[in-house]
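Hi,

Here is the structure I said I'd pass on.

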Amino acid sequence: MMENNNLEKTILYKNHICLNAKMVNFCGFYMPLQYTSSLEEHMAVRKKSGIFDVSHMGKFILCGKNTIKLMQYLTTNDLLKIKIGQAQYNCLINNNGGIIDDLVIYKISEEKLLLIVNAINIEKNKNWINYYINKYHYDDINLIDLSKKYSLLAIQGPLSLSYVQNLTNISLDKIPFYHFKIGKFSGFEKIFISCTGYTGSKGLEIYVPNEKTEKIWNDILEIGKNKIIPCGIASRNSLRLEMGYRLYGQDICEDTTPIEAGLSWITKFEKEFIGKKILQEQKKKIRKHKKFISFIIDEKGKIPRKGYPLMDDNDNVIGNVTSGSFSPVLKKGIGLGYLWNNYKVNSVFLSIRNKVIPVKLVKLPFIKLNN
Amino acid sequence: MSLDNLKYSKNHEWVGFEVQNKKSKMAYVGITSFAQKELGDIVYLDIDSNIIGKKIQKEAVFGTIEAVKTVSDLFMPVSGIIIKINEKLISKPEIINNYSYEKNWMIKIEILFIEEYDKLMSLEEYNQYTQNSI
């Protein structure tokens, strides 16, 4: 691809080039799309192990006495429900209940949180949080943006933990899902290791200061030789879609509320937060809203794609696809989308290049894993 | 089968003849390795069997190809009558990922206007074209 000087590079850019990765613009970064085959990379994560450089993700430390109080007000999930050492999937929302970003929040202490946000929303989130710090005169709260100082490596797949166990003295299989530990890794002290990921398969995410990243990446590839394969964002997308994980900018945005996006499970009405009233009205169905759906296409060779129209049985367009792909595990097309009105329909059809075919509405995740 | 005298279209299809049959109007059409790499892993090839026997104009769509991440139409590099579809490729489209011209022809056609073939790019021209196209 032609050099685009406006694009950022992760610390591992040269390593990806040396591994013959196909590099693309993703969220303003040069990112590896795939190294050899996105199908092989997908199946490696489902069956063994793969490693992703996802250093483009935004990383904020938020600290100060009132940190949790502020974040309780700006997000929908309940931060009081997690303990120190635990992480939580959450949404930052606006006054209309629209999703500003979906993020993972780690509770490092009662006064210190780590926020992992989407790369495209780094500046927006920073401005939003800082606006409320100023508005409520929370002079004790500091937002520190570590996005450019830290890298993020995700080692995903059922055998990942056993492959990298020898690089650390932490018992990796003792870290519960959505918990983290800080300890020695690859000879470095104080490395932040969490049992989280965006693939649905068991695995780790490791937050590393930039200067230590290349050694850790190389050590993992060395210890995982022929076992842990580098994976790009193409397989990351098909993996997250098989689990039905929403992608910001496609499946959710500021015009989508957590209720509409099927994220009621991270919307806790027993606490006060911005936009609560609107979400409550949607939940009680006294306010019109769109409806999130997930579906499979049984017909061979038909794959839904973002933007394809969804229709009712009278050929009226009633919605659209927001994410779609081939599922390497199901070997079928799978998709996420919205019906624009939350009314009952008997059946939903998909229009693919002027052909109309039925879709099978299913519950998420599309696949069941034995993690 | 071994193909020769391959020429290339701007839409990343090639046209070639069987080696022993260079001056015949019967030709084979497939997509280039460049196109395959751009698409990524190919999972489906959709060419409707009712196009057999039909005349299809240059640059009209004769089928679609689905990769994991995207979909692309397949365009006729020259006008022609569709003689045959490569059924092996329809049933096992993943073989397109292991690139080889001989196995990976998609359709056999009878070229209607040989001038259209003559105007397509040579390999050298095509390589130049793909280097400048992204």
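Ile155(A) has Leu204(A), in β13(A), as its bridge partner. Before going on, please keep in mind that this is a predicted model. The two strands behind that pair are β10 (residues 150-156) and β13 (residues 203-209) of chain A, which are antiparallel and share 7 bridges.

If you trace the open sheet of 6 strands in chain A, the order reads β11-β12-β13-β10-β4-β14, and the pairing is mixed. At the edges you'll find β11 (180-185) and β14 (228-230) of chain A, each with pairing on one side only. Going from one strand to the next, the twist averages 30°.

β4 leads on to a residue I'd like you to look at. His56(A) sits in the loop that links β4 (49-53) to β5 (58-63) of chain A. Is His56(A) buried or exposed? His56(A) has a relative accessible area of 2%, and the cut-off for buried is under 20%, so this residue counts as buried. If you skip the neighbours within four places in sequence, the residues in contact with His56(A) are Thr10(A), Phe26(A), Phe29(A), Met31(A), Ala119(A), Ile122(A) and Arg236(A).

Now for another set of strands, around β18(A). Strand β18 (residues 332-339) of chain A is mostly covered, with 7 of its 8 residues buried. β18(A) runs antiparallel to strand β15 (residues 291-297) of chain A, and 7 bridges join them. It also runs antiparallel to strand β17 (residues 317-327) of chain A, this time with 8 bridges.

Last, the cysteines. How many disulfides does a search of the whole structure find? The search over all chains gives 0. For Cys18(A), which is in no disulfide, the nearest cysteine sulfur belongs to Cys231(A) and is 18 Å away. Cys18(A) is exposed, at a relative accessible area of 68%. Cys253(A) is in no disulfide either, and the nearest cysteine sulfur there, that of Cys91(A), is 12 Å away. Cys253(A) is partly exposed, with a relative accessible area of 27%.

Happy to go through any of this with you.

Best wishes

Methods. Residues are numbered from 1 along each chain as its sequence is written. Chains are lettered from A and ligands numbered from 1 in the order in which they are written. This is a predicted model: local features need pLDDT of at least 70, side-chain atom pairs count only at pLDDT 80 or more; totals for chains, interfaces and linings use all residues. Side-chain values use heavy atoms; hydrogens and water are left out. Helices (H or I, at least four residues) and strands (E, at least two) are DSSP runs, numbered from the N terminus. Buried means under 20% relative accessible area, exposed over 50%, partly exposed in between (1.4 Å probe, protein chains only). Contact means heavy atoms within 4.5 Å. A disulfide is a pair of cysteine sulfur atoms within 2.5 Å. Two strands pair if DSSP finds at least two bridges between them. Axes are lines fitted to C-alpha atoms, for helices over the stretch in contact, and angles run from 0 to 180 degrees between N-to-C directions.
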